[in-house]
Structures are given as structure tokens and as C-alpha cells.
Amino acid sequence: MIINQFQSLVRKWNHILIQFVSSVLGPTDRFVMRHRILNGTLLAGIIAMGVGLSSEFFREGFEIGGLISLWVAFGFACLFYYLARFKNKFQILILPTFIISSLTSFLQIKYSGGIVSANVMLLAPILVLNMLILGKKFDWMAIVFFVSALFGVNYIQTVHPDWFFDYSSEKARSEDFLITGVSILFLLGLMLRTLNRSYEDAIGEVSRLKYQQDGDYYLTSLLTRPLSGIRFRSKSILFQTYIKQKKSFQFKSREYELGGDICVADQIVLRGRSYCVFANGDAMGKSMQGAGGVLVFGTAFRVLIERTHREGILSGYYPERWLHTALNDLNDVFEGFEGSMSMSLLLGLVDEENGFLYYINAEHPFPIRLRDGKASFLSEEATNFKLGMQKDKARIETCWIRPGDTIIIGSDGRDDLNIGNPMDPNRVINMDHTSILSHVETSEGNIETLGKRLQTIGELTDDLSLLSIQFFPQSQWNFNQREKNLEEPIRLHKKNQDIEALQLLTQYADVHPLDPAVWKLLYRVYRKLEKPAEAGRAAENFSNLHPSGLQMIFDGAIQYAKAHLVEDAIDMAERIYSRKPEVIPVIKILSRLYQKSKRPDKAKEYQKEILRLQNKSTN
């Protein structure tokens, strides 16, 4: 019981002392450390000089000059403390405090008879305090000045001992030495307490700010978390993600990460076909700035997916047009920040039925395909600008994902590795962007193994994110049965018996609508029968099932144009132009179609593009 009371009394006394010292030095939210040290120095000087003045009533001997000087210094110390503590006049008081403390020290030395020990006792703490007040930029001035003064005083005492006042009494000299020592003890005690308290408050303030900052990081990470990740399950398409943000922090004893990389995948339906939509983005900046970009992108991306689910217009687009619309919408959001925020991005769609991949690369590292143990880049052309900096119409790249293939997409953190000595202040950044291929082969396409391997090879200098795609077809065609079923329609078509062939082909298409071969035959039959609308529809169905066949898409656009289905023809032609923007015949068709649809501005735009390409080919 008594121990508890004693501990409670100690805590109460310690709290009172902390409050008193904080009141004397000034609160940390208003005063920086140098300012608080100045306050403590002035208060220590007041107390030390108060002790010196009080001692004059008991000391043997009296010197009016020293007493007046001490009173003047005492008055200035009180005035300076008031101005520093209550009026915040910190900058203008640094030099006067330095001068007054120096003069006071020299007067004390003069009237103490120049005792060497007293000189050292008096000058040492004042030296330390003035160093702290002046700061690291000018602390050398205090050192040079006080060391020179110490040697100077002792030298002058030797050469001109008559310049120093001597009480001629051993007792007086002893008293003076004792008073000087007591004053210095007060000065040292208050100085140490000032320093300790200032550093404790500074460390406490840093800890408080760090905790508050980590709290902000944690709340931001909570906001970004639901915007990323795989938000669906597909039977045929497997997505995997790996993210290692550069910024890691602790909050409530748990580890978290925050950065500007994002991997997200979702599912949409376009023109009755199911697609997996994915994105791997790298926002400008790290930590909070990068996380801000992730918040903006993730929210805009989520809105885009919801609009596609709810609005019939977006869900009626071809994959190429949907990608262009998505990229333009996302770019418009980032353009609103007027260059202060941007994001490199790889945005794509995968057909769940056949594994055909469409993607747009907006200044993102090249995607990688691992096939039969060999890794290679899908494309090595940076054809588009980052989000927030888009200028021209983006180009769409495509490829087939075969069973057993692994497509790996990653941010530039995979390349920007510090491969030098960690102890060397000069970093050595990996400049070989092809080195990732060997690491992909070694990790056998496992992105978690790949991510950990990259961190063993070098130090991450940026956020790292990886996304992998694999295709597992759910149905297999019986090609022998198909050939048997289509053998008769093909024979009739070759004999120009197209009406009979058409009847058999339509029956087969009703039973097997996902067989591209039947739609290719139907296109030929309809074209021969001069039914352009039906031929265009057959070409469209074939291109949906076999989207790499650009010739059939082109033929479909021609047939729709013959059938005066201008908008359908434009959609088909735009699909080719989005993948092959340098094909002049396609651009000519688009120019004529837009002219027919009474959109002369678009027609002129394509005519200018034709002239540009023609001039480029001649040069």
C-alpha cells in the first residue's frame, strides 16, 4: 500500500515537473528545439546570475563594476526570456544572447581573478548552449570563439595580471570560486534538463507524427484494397497477381504496404460473349502519391465495369471499341489533374471461349509470353502514351493464348533493380530490360516465385506488380465429325448448288453455332447468292469466333457497305484500323463510310491520315 502511494506520488511529481518544464521551455507545437533551448539557456542564466547577485550579500569584498555588470546582464536575461518565451522573438535574440553571455562570462572571469578552473567551468556549458542555439550551420563560430577566449584570457592573465581584479584575500578567492562553481552547477543542471526535455519532446512529437502518418497510410490502404484484385472466377481463364509495394509500414503491430501499383481483373459481356477484362497499372510516384493514383484509377475502372453491366450501349461494342472507350474515359479522368498525376497501363480483354487476347499498352513494360519453356515479348513497340498524356488514338495488339501458355504482365519495378553493392551509396540500376525473360523461364511462369527471385537478385527501387494469365479451354472440337458434316455442303457449293448448300449449312449452324468453319462457308454462299447483309452477318460471326482473321473482318465491312448498313460497316472497318492503322485501303473505306453517314469531319480526318501515310511511304 505504501509502495503504491509512493509510486503514485512520484508519478504525480514527475507529471508536475514535466508540465513546469514544458511551460518554461514552451510547448512543442509552437517552439522548435533551438527555440526551446534558447528559452532554457536564458532561464538558466537568470538563475545563475540570481545566485551570483545573492552571494554578494555574504561574500568578503565588494566590486561595484562587477555588481553593476551582473545586474545589467540579469536584466537583459529577464527581458530576452520574456521576448523569446512569450513574444516568439527567436531569430532577433540569437546574436544578442551570444554577446551578453560572452560579456558576462568575461566579466565574471575578470573579477574572479582569472582562475583557470573557473574559466573552464564557466565557458564550457556556455559554449555548448551557444552551439545548440546557433545550429549546425554556425556552431563552429561558437567553438572557435570560446576556445580562443579561454586561451586568450589565460595568456593575458600571465602577461598582464594587473588587468584582473584580485581580492588579495585567499578567503575571497575561495568564496568567488565556490560561487562560480555553484552558478555553473545550476547552469549545467538546467542545461541538461533543457536538452533532455527538448529531445524527449522532439522524439515524442516525431513518434506521434509517425503514428499519425501510419494511421493515414493504413486508412488509405483500406481504400485501395477493394479496388484491386481478381473479382471473379472463370473456368477457362486463370489470373494470378503478385504485388510488392516499395513503401511498407507498421500499424498496431501489423505490416502493411502502400504504393502506386495495381492489378485488377473483372468480367464483362460484349455482344453476347463473355470476356475477362484486366489491368496492370503503375501510377506516378510512390507511397501516398502513388496510392492516390490507384484510388483514382480503381474507382474509374470500377465505374466503367458497372456501366458496361448496366448500359446496353457499352455491352454492344466490339472488344476493340470497348478498349478504346475505356482508355479514353480513364484518360479523361487523369487529364483533369493537368499533368500532376499519370499512370502507365496495360489494359486488356481475354475471350473466355477461345482465349484470344486484346490489349492496349500505354507506356507500360512489354508483356511476356512463356511458351514451351521459352519466354519472349509479345510486342516491343511502345505505341501509346500514359493515362493523362494521351494524344493519338491508341493501337490495339492481339494474340492467341494457347493451352500451356502463360502471359506475364508487370510494372517497371521488375526492371528497375539496384544490382550494385547495398553498402555502396552509388546505386547501380539494371538497364537490361530483356533480363526479365531469363528470370521468367527460371521461375517457370510462377509470378510469386518470380517476384521473390527478383528481390534476391537486387533491391527494389520501385513498386513491383505482376499479373499472369493462363487459358484452359472447356470444349474441344471433333474435327473428324465436323469434316463429315460439312463435306456435303462443300460439295454442293463447289457445284454451284448454293441454295441446297445454304439449307444444310443453316441447319448445321443452328446446332453448332460456335464452329467458325460453318460461318466461313455461309459467308461464301451468301456472297455468291448476292445477299450482302447475310454475308456481312456471317463474316461478323466468324470474326467473333476467330478474331485474328482480319481479312474476314474486312470482307464483312465490304458486304455491310453493299447492304447499306453503314454503321455496321464502320464498326467492322474500325476493328481493323484499331489493330492495323497503317492499312490505306481500310482507311479509304472508313473515309467513304463516314461521308455517307454525314460525318464529314471524321471523313476529312481519315483523308488526312491517308495523305500522311502516302507521304511517309514515298519518303
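**View 1. Val-428 is partly exposed, with a relative accessibility of 41%.** Partly exposed lies between two limits: buried means under 20% relative accessible area and exposed means over 50% (1.4 Å probe, protein chains only). The model shown is predicted: local features need pLDDT of at least 70, side-chain atom pairs count only at pLDDT 80 or more, and totals for chains, interfaces and linings use all residues. Residues are numbered from 1 along each chain as its sequence is written, and side-chain values use heavy atoms, with hydrogens and water left out. Val-428 sits in the loop between strand S13 (417-418) and H11. Helices (H or I, at least four residues) and strands (E, at least two) are DSSP runs, numbered from the N terminus. Together with Ile-419 and Ile-457, Val-428 makes a nonpolar surface patch of about 220 Å². Patch residues have over 30% relative accessible area and no salt bridge; like charges are joined within 9 Å, and nonpolar side chains (Val, Leu, Ile, Met, Phe, Trp, Tyr) within 5 Å. Areas come from the Shrake-Rupley method with a 1.4 Å probe.

**View 2. A patch of positive charge lies on the surface.** Its members are Lys-520, Arg-524, Arg-527 and Lys-562. Lys and Arg count as positive and Asp and Glu as negative; His and the chain ends are not counted. Each charge is placed at NZ of Lys, CZ of Arg, CG of Asp or CD of Glu. Helix H15 (residues 516-528) gives the largest share of the patch, three residues. Arg-524 belongs to helix H15 and is partly exposed, at 37% relative accessibility.

**View 3. The largest nonpolar core holds 35 residues.** Such a core is a set of buried Ala, Val, Leu, Ile, Met, Phe, Trp, Tyr and Cys residues joined through side-chain atoms within 4.5 Å. Phe-297, Trp-322, Leu-345, Leu-347 and Leu-349 have the most contacts inside it. Elements that give two or more residues include strand S5 (261-270), helix H8 (287-310) and strand S7 (343-351). The largest share, seven residues, comes from H8. In soluble globular proteins, nonpolar side chains tend to be buried together.

**View 4. Arg-579 and Glu-320 form a salt bridge.** The term means a side-chain nitrogen of Lys or Arg within 4 Å of a carboxyl oxygen of Asp or Glu. By this rule the count is 23 salt bridges. In this pair, the closest N and O atoms are 2.7 Å apart. Arg-579 lies in helix H18 (residues 566-579) and Glu-320 in helix H10, so the bridge ties together parts 259 residues apart in sequence. Both residues are buried.

**View 5. Lys-374 meets Glu-441 in a salt bridge.** The N to O distance is 3.9 Å. Lys-374 is in strand S10 (residues 374-377) and Glu-441 in helix H11 (residues 435-443), 67 residues apart. Lys-374 is exposed, at 54%. Glu-441 is partly exposed, at 28%.

**View 6. Glu-567 and Arg-599 pair in a salt bridge.** Here N and O are 2.8 Å apart. Glu-567 lies in helix H18, and Arg-599 in the loop between helix H19 (584-596) and helix H20 (600-618), so the pair ties together parts 32 residues apart in sequence. Glu-567 is partly exposed, at 44%. Arg-599 is partly exposed too, at 31%. Elsewhere, salt bridges that share partners join Arg-271, Arg-537, Glu-540 and Asp-568 into one network.
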